[in-house]
Amino acid sequence: MKAAWKEKAIRLMLFATASTSILIVIGIFVFVGKEAGQFAIKPGLKELISSRWMPVSFQKESFGLLPLITGSLLVTALATILTIPFGIGAAVYISELARPAEREILKPFIEILAGIPSVVIGFFGLVVLVPLIKSSFSLSTGLTALAGAVLLALMAIPTVVSISEDAIRSVPASYKAASLALGASKMQTIWKVTVPAALPGIVAAIMLGIGRVIGETMAVMMVTGNAAIITASPFDSVRTMTATIAAEMGEVAFGSIHYRALFCVGIVLLLATFGLNIIAQKFLKKYRMG
Amino acid sequence: MRRVASQYIIAWLIRVMTYLIVFVIASIIIKILWNGLPVINWEFLTTMPKRGGSEGGILPAIVGTLSLALGTVIIALPLGMATAIYLSEYAKAGRFTRTVRLAIVTLAGVPSIVFGLFGLGLFVIFLRFGASIIAGCLTLACMILPIIIVSSEETLRAVPKSFREGSLALGATKWQTIYKNVLPYSISGMLTGSILGIGRAAGETAPILLTVAAFYLPRLPKSIFDQVMALPYHLYVLATQHPDIEKVRPLQYATALVLLALVLGVNLVAILFRIHIRKKYRW
């Protein structure tokens, strides 16, 4: 009888701890949303739709999110353009072309990159990449969207390589055998059979990589120059949403409009990554079932 | 003939791309080792910083980062392991399980700076912890929880079903079965996952920026309600906020090296541990 009670108690306790994840997610939405909600009441969400982010001003402060959103989008888009070929290329090479011994070294080595703290990558960018960009494009400063994008690509690549490689390797061997038996060459088989079969997994990998890129803070803050302007040029300095929160939160008064505006930036970020994540999960499910 | 040539070109191209990535990783590590190693000595590791970080050591930042990592694991490990046990042993397919899984995936994707905002709103301000070690640890624990849950669940599921069935058939209860016949074989795997979590917690900057990290505080923390310096934030400050960035460049390299060694060292321990376990348990 006592044992049955104990079993029930343990079960209940485990159930309760499993619920904490849900509570944390709700907590994040509530505590970030609360301050953003205050902003929506006063001065109103219309404030956010403007092309000027001037939270500190002698005349009139302005909390337009557009330059921050375009800044994040520009850096993310450039990083994605770099990540896709390198990520997929390396995944294909490691899973299909590398010798077994080579593979055993390459994959963990690339995964090391995922373990390097973002502030260290940012520091490397600052001392190596930024001067390199400055001199090779003869710019007045190397602190540009391009510098941020290269570092972000570096941080997304291990995710993309690791998940894509798993996806490519889980394509049934019979697919490849059938293709080769029909007279297709090795490369034809890779690009026309194996990679398309693994595509849902590869797409999911890229989505998760982009999710990491949008949310990355330190490396971007250190090398993009942080100018809140709307631009499409990789050689301009930009300010991303994440960098704005990290750089300004230390200096704002608790409960001020600026403070709440930063939480609005946070909720935009949260919704963007949440959306990407959901889409990625859909693709992952597809490849696990297929 | 032309088709064969283009095949070779593509194969070479992706090989070059792969090794380019390897080259960049190697150059990051070598650059920091090369410039940081000459600066590091016993004094640097064990003394307080002086004159706003321009001179002296980084002891408080090392202590800060270690205490944050330790505190985070103490909070996240039991929660993560219990959740994993529930998901792999008790959960039935249904709405609750689906919601828990969705929550875990969502948590894994939340940007680190948003965790910072959450920690600031909940722990620092609402619960009145102030900027403190405890607020930082709780925030980081929320962030690494999905890592621990996912890897723990994987190791639990790797224990063969027959282990459970044998125990249940002998009349053991469900918890007795889990405790005596499943956990002993998966505990080391679960620890591996949490070691990876520690590495992540030690290297993160954005969440602690808003919840604990001090710009310059040349003393050791006395309680969990104190602020501390932390290695990643210290590196950020030296590299971008210091009045004379060029002059303190050697200190930046040395700080980067200590941080890198700490995080990669932790990850390496996890990897070796995992190899050891895979050899030990094979079924």
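**Note on cavities, backbone and helix packing**

1. The loop that joins helix 8 and helix 9 of chain A contains Asn226(A). The model is predicted, and the remarks here should be read with that in mind. Asn226(A) is not a glycine, yet its phi is positive, at about 60°. With a relative accessible area of 22%, Asn226(A) is classed as partly exposed, because the buried class is kept for values under 20%.

2. Arg128(B), a residue other than glycine, has a positive phi near 60°. Arg128(B) sits in the loop between helix 5 and helix 6 (133–158) of chain B. Is Arg128(B) buried or exposed? Its relative accessibility is 73%, so Arg128(B) counts as exposed, the cut-off for that class being over 50%.

3. The next backbone item is a peptide bond in chain A. The bond from Lys42(A) to Pro43(A) is cis, and its omega is near 5°. Pro43(A) belongs to helix 1 of chain A, which covers residues 2–44.

4. How many cavities of 30 Å³ or more does a search of the whole structure find? The search returns one. The space in the largest cavity comes to about 40 Å³. Its lining consists of Ser72(A), Val75(A), Thr76(A), Leu152(A), Val213(A), Ile214(A), Glu216(A), Val220(A), Thr240(A) and Thr242(A). By class, five of these lining residues are nonpolar, four are polar and one is charged.

5. Which helices supply at least two residues each to the lining of the largest cavity? They are helix 2 (66–97) and helix 7 (186–215), both of chain A. Helix 2 of chain A gives the largest share of that lining, with three residues.

6. Helix 2 of chain A also holds Thr80(A). The relative accessibility of Thr80(A) is 17%, so Thr80(A) counts as buried, the limit for that class being under 20%. In sequence, 130 residues separate Thr80(A) from Ile210(A), while in space the C-alpha to C-alpha distance between them is 6.7 Å.

7. The second largest pocket holds about 670 Å³ of space. Its lining has 35 residues, and those nearest the centre of the pocket are Ala246(A), Ala247(A), Tyr233(B), Tyr236(B) and Gln241(B). The classes in this lining are 25 nonpolar, seven polar and three charged residues.

8. Helices of both chains contribute to the second largest pocket. From chain A, helix 8 (218–223) and helix 9 (241–248) each supply at least two lining residues. From chain B, helix 5 (112–126), helix 9 (206–211) and helix 10 (231–241) each do likewise. Which helix gives the largest share of this lining? Helix 10 of chain B does, with five residues.

9. The last point concerns helix packing in chain B. Two packed helices are described by the angle between their axes and the distance between the axes. The axes of helix 4 (residues 95–109) and helix 6 of chain B come within 8 Å and cross at roughly 130°. Helix 4 of chain B is therefore oblique to helix 6 of chain B, since roughly perpendicular ends at 115 degrees and roughly antiparallel needs over 145. The crossing of helix 4 of chain B past helix 6 of chain B is left-handed.

Technical notes
Residues are numbered from 1 along each chain as its sequence is written. Chains are lettered from A and ligands numbered from 1 in the order in which they are written. This is a predicted model: local features need pLDDT of at least 70, side-chain atom pairs count only at pLDDT 80 or more; totals for chains, interfaces and linings use all residues. Side-chain values use heavy atoms; hydrogens and water are left out. On a 1 Å grid over the protein atoms alone, a cavity is a set of points where a 1.4 Å probe fits but cannot get out, and a pocket is an open set with protein on both sides within 12 Å along at least five of seven lines; lining residues have an atom within 4 Å of a point. Grid points are joined across faces, edges and corners, and a volume is the space filled by probe spheres set on the points. Helices (H or I, at least four residues) and strands (E, at least two) are DSSP runs, numbered from the N terminus. Ala, Val, Leu, Ile, Met, Phe, Trp, Tyr, Cys and Pro count as nonpolar, Asp, Glu, Lys and Arg as charged, and the others, Gly among them, as polar. Buried means under 20% relative accessible area, exposed over 50%, partly exposed in between (1.4 Å probe, protein chains only). Axes are lines fitted to C-alpha atoms, for helices over the stretch in contact, and angles run from 0 to 180 degrees between N-to-C directions. Angles under 35 degrees count as roughly parallel, over 145 as roughly antiparallel, 65 to 115 as roughly perpendicular and the rest as oblique. A crossing is left-handed if the near helix is turned anticlockwise from the far one by less than a right angle, and right-handed if clockwise.
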